[in-house]
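Please look through the structure shown here and work through the questions below, taking each answer one step at a time.

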Amino acid sequence: MKSTTDIVKKRFLGFLIWQSIHSTIIFILFTTTLSQNGIVSLPSLLTCLSFLTFHLSLLLFSASLSFISSPYYDRPSSPYDLALALLRFLFSGQSQPHGFLRRARVFLGLFGFLLEAALAGMVALVSLCKSESCGGVAVVGLRGFGFGLVYGIYYVFKRRWVLEFPIIQRPLFFSFKMGLPSAIGQAVKLSAAAYIFSGVLILFLQDQFGSHIKMGNFILEQIIFYVGIFSVCLCWELSHHLHQVMHTKRYIFAPPKGSAAAETNPSEPLLAALEESTPKSLPRYLAYLDLCMVCDNNVDSWRRAAFFEETGETYKKVVAVCLRPLEHLASNFAEGLESSSVDKTYQQSSQLQLPTVSERDSRFSEPFNNIQLCAWCSWAVASLTARSHKEDRFGVAQLSGSNAAVISTLLSCLLAVETFLGKKTSLQSPNALMGPAGIKWATVTTARSDAATSVVGKKRGFPLHSQAYAIADVLRTSIYCIVSAFHEEMLTGAKAGLLEKDWIIGGKPLYGTRELLLQKLHLFLDFRAC
């Protein structure tokens, strides 16, 4: 089985090979379209040299793109924080706060990408617009530098270096073809903005680079400039799209079906990738994606059947690696919510007051950076638990206590996210949950939910608003998946008073109390959790 580093290296090599194909086509189209006589002839020595330098610029851009790309968004340090930390270290020798070095490395990586993009744009544009009618190498190089700088700034501030995994996994060619219209449209807009910026840059330096030329030559020069910038921008946009497609494609962490390893222990490569790969790295994300696909789909049912082996060790390991990110999410939310309140009175009043964006962002931005991984883990463990109702022949899910751990973790995460959104999560009286009083309770709850909704409506400008609702929806859907599969058993246990014993852990939950989790589970049983 290949190591995780070999997987990334092989994908980067394939990315470079496929990138060279479309960049070569664009280079040939540009040189033949803007040739002086319009006739395709044998390439000269200057054309071959331009071709090589053009591909060297793309290699520089691709290397810098792959260096900064990551499936996890890590907030970089600001230049002010870096300068302040440097002064503090030089004059007082104080140690840096936790996570500062990691954020500083991210900032330096992004800053290096800006410089490399500007340099690559300069070399690429000189390689294309090498004619003397364009004002010389100095003018072309300066405009290319401005174009690369504009593209790099846009790329960094739009966080395009963060890998976005598609909801539906498609074949490579089909995924690349679907992104062609958006890549071309993005190239048109970015090339227009970069053309204007580079033109303004030359305008301020016209004393050094300016020359008196005829109007016809000036128009021809501007056309060549724009087409050249558009060609380079199109190459970069296609490279970005190709990089996203190739690095977010699912990788199957399993031995070939029918081999000896597949018959003995087919789950070993997947568990090794989940437990031994570097946290927040691309191989770990690919391993969780593969696990989610195995638990949810019927394509690899033989691999899912291996999870329910007789000893139950494999099932417990799979559930443990799925619950780890969710437990981390609930713990972070619990710490953030507790630090934002001093006493119970402040906790109640904070539901009707919105803290400042900077205050909440500093406490809760980190949990939301890992929302993709948490969504995969939530759906994978929920699907696996629901599948165990029919596919678990040895009863390892129930005997190992994993069902209670899964439901308790999902409920704790949901309660923490709902508290963050301002939803009331306090205990209700037993009479309010069933019987004739339930009608009154429903009326009161509607008023309260309307109040909460109005409070949430004021928060729609908050950056983490949509992400909080997205993860809450995923958690709610995952819990309903389990409840739907075990609905009859849960109702029977609720009537016998065994629901809490069978589906809620005995210790203290990650967030909330056992009574609160049990009340929330009753709402899911009645299909009234929203």
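Q: In this predicted model, is Phe12 buried, partly exposed or exposed?
A: A residue is called buried under 20% relative accessible area and exposed over 50%, with partly exposed in between. Phe12 has a relative accessibility of 24%, so Phe12 counts as partly exposed.

Q: Is Phe15 buried or exposed?
A: Phe12 and Phe15 both lie in helix H1, three residues apart, which is about one turn of the helix. For Phe15 the relative accessible area is 0%, and because the cut-off for a buried residue is under 20%, Phe15 is classed as buried.

Q: Which parts of the chain does the aromatic pair of Tyr480 and Phe527 link?
A: The rings of Tyr480 and Phe527 are stacked, at 5.7 Å centre to centre and with 0° between the planes. Tyr480 counts as buried at 17% relative accessibility, whereas Phe527 counts as partly exposed at 47%. The two residues are 47 apart in the chain, and the pair links distant parts of it, namely helix H22 (residues 465-485) and the segment after helix H25 (514-525).

Q: Which residues on the surface form a nonpolar patch that includes Leu13?
A: Leu13 has its place in helix H1, which covers residues 4-33. The patch has about 620 Å² of accessible area when its members are taken together, and these members are Leu13, Ile17, Trp18, Ile21, Ile25 and Leu29.

Q: How many disulfides are there by the distance rule?
A: A disulfide needs two cysteine sulfur atoms within 2.5 Å, and by this rule the count comes to zero. Cys292 is in no disulfide, since its nearest cysteine sulfur, that of Cys295, is 7.1 Å away. For Cys413 the closest cysteine sulfur is in Cys374, at 7.2 Å, which is too far for a bond.

Q: Where is Arg159, a residue with a positive phi although it is not a glycine?
A: The phi of Arg159 is about 55°, and its relative accessible area of 43% makes Arg159 partly exposed. Arg159 is found in the loop between helix H5 (137-157) and helix H6 (172-178).

Q: Where is Lys280 placed?
A: Lys280 also is not a glycine, yet has a positive phi, of about 65°. With a relative accessible area of 35%, Lys280 counts as partly exposed. Its place is in the loop between helix H11 (268-276) and helix H12 (282-296).

Q: How many helices and strands does the secondary structure of the protein chain come to?
A: The protein chain has 530 residues, of which 45% are buried. Among contacts between residues at least 6 apart in sequence, 83% join residues at least 24 apart. The secondary structure of this chain comes to 25 helices and zero strands.

Technical notes
Residues numbered from 1 in each chain as written. Predicted model: local features only at pLDDT ≥ 70, side-chain atom pairs only at ≥ 80, totals over all residues. Heavy atoms only, no water. Patch = residues over 30% accessible without salt bridge, like charges linked within 9 Å, V, L, I, M, F, W, Y side chains within 5 Å. Areas by Shrake-Rupley, 256 points an atom, 1.4 Å probe, with all protein chains shown as cover. Salt bridge = Lys/Arg side-chain N within 4 Å of Asp/Glu carboxyl O. Helix = DSSP H or I, 4+ residues; strand = E, 2+ residues; numbered from the N terminus. Buried < 20%, exposed > 50% of the residue type's maximum accessible area, 1.4 Å probe, protein only. Contact = heavy atoms within 4.5 Å. Phe/Tyr/Trp six-rings, centres within 6.5 Å; stacked < 30°, edge-to-face > 60°.
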